[in-house]
Amino acid sequence: MPEMSKFVWLFFSVSGRVSRAAYFLGGMLVAVVQAFPLYRFTLAPEGSPESMMWSTLFMVAFLASLWSNVALAVKRLHDLDKTGLIAVILFVPVVSIVAFLVLCLFPGQPGPNRYGKQPNAPA
């Protein structure tokens with residue numbers, strides 16, 4: 001299993017580059033982490049302590065996933081040799097879906113660029 005520092009870099013740092021596959025798989029993992037507490041919340045009886053616990057866990061997961069999605073998108077944009085500021089489009093509802101697909105489909109710049117020597121490694 002990879003070192004914990006690589007997971008922290010992948011999901012919480014905005015430096016470096018990530019490939020299409022790493023971006024897609026990271027995004028899917030973030031979605032699952034976000035969806036599980038929401039699913040458990042829907043199964044809990046309304047107004048119960050269990051319901052409150054799962055709603056709180058969902059909010060924590062949602063807030064953490066916001067930053068993780070931005071960090072992944074910034075690194076993916078870096079792989080395309082673009083500035084990470086473009087990641088703000090992820091907050092526009094319909095555009096965010098298109099942006100996710102674009103970032104998953106377009107290949108990164110081969111070889112080193114100003115954001116790092118290679119994808120999937122800290123800069």
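**Aromatic pairs, core and pocket in a predicted model**

Good morning. Trp54 is buried, with a relative accessible area of 13%. Please keep in mind throughout that this is a predicted model.

I begin with the partner of Trp54. Phe36 and Trp54 form an edge-to-face aromatic pair, with 5.7 Å from centre to centre and 85° between the planes. Phe36 belongs to helix 2 and Trp54 to helix 3, so the pair ties together parts that are 18 residues apart in sequence. Phe36, at 47% relative accessibility, counts as partly exposed.

For those new to the subject, a pair of aromatic rings is described by the distance of the centres and the angle of the planes.

How many aromatic pairs does the structure hold? There are four aromatic pairs. One of them joins Phe24 and Phe100: the ring centres are 6.3 Å apart and the planes are at 40°, so this pair is tilted. It links distant parts of the chain, with Phe24 in helix 2 and Phe100 in helix 4, 76 residues apart. Phe24 counts as partly exposed, at 36% relative accessibility. Phe100 also counts as partly exposed, because its relative accessibility is 21% and buried means under 20%. Together with Tyr23, Phe24 and Phe100 form one aromatic cluster.

Apart from its neighbours within four places in sequence, Leu103 is in contact with Arg20, Tyr23, Ala73, Arg76, Leu77 and Leu80.

Gln109 is partly exposed, with a relative accessible area of 31%.

Finally, I turn to the largest pocket, whose volume is about 400 Å³. It is lined by 16 residues, and the closest to its centre are Gln34, Ser65, Asn69, Leu90 and Ser96. Helix 2, helix 3 and helix 4 each supply at least two residues of the lining, and the largest share, six residues, comes from helix 2. By class, the lining has eleven nonpolar, five polar and no charged residues.

Thank you for your attention.

Key: Residues numbered from 1 in each chain as written. Predicted model: local features only at pLDDT ≥ 70, side-chain atom pairs only at ≥ 80, totals over all residues. Heavy atoms only, no water. 1 Å grid on protein atoms, 1.4 Å probe; cavity = no way out; pocket = protein on both sides within 12 Å on 5 of 7 lines; lining within 4 Å. Points joined across faces, edges and corners; volume = space filled by probe spheres on them. Helix = DSSP H or I, 4+ residues; strand = E, 2+ residues; numbered from the N terminus. Nonpolar A, V, L, I, M, F, W, Y, C, P; charged D, E, K, R; others polar. Contact = heavy atoms within 4.5 Å. Buried < 20%, exposed > 50% of the residue type's maximum accessible area, 1.4 Å probe, protein only. Phe/Tyr/Trp six-rings, centres within 6.5 Å; stacked < 30°, edge-to-face > 60°.
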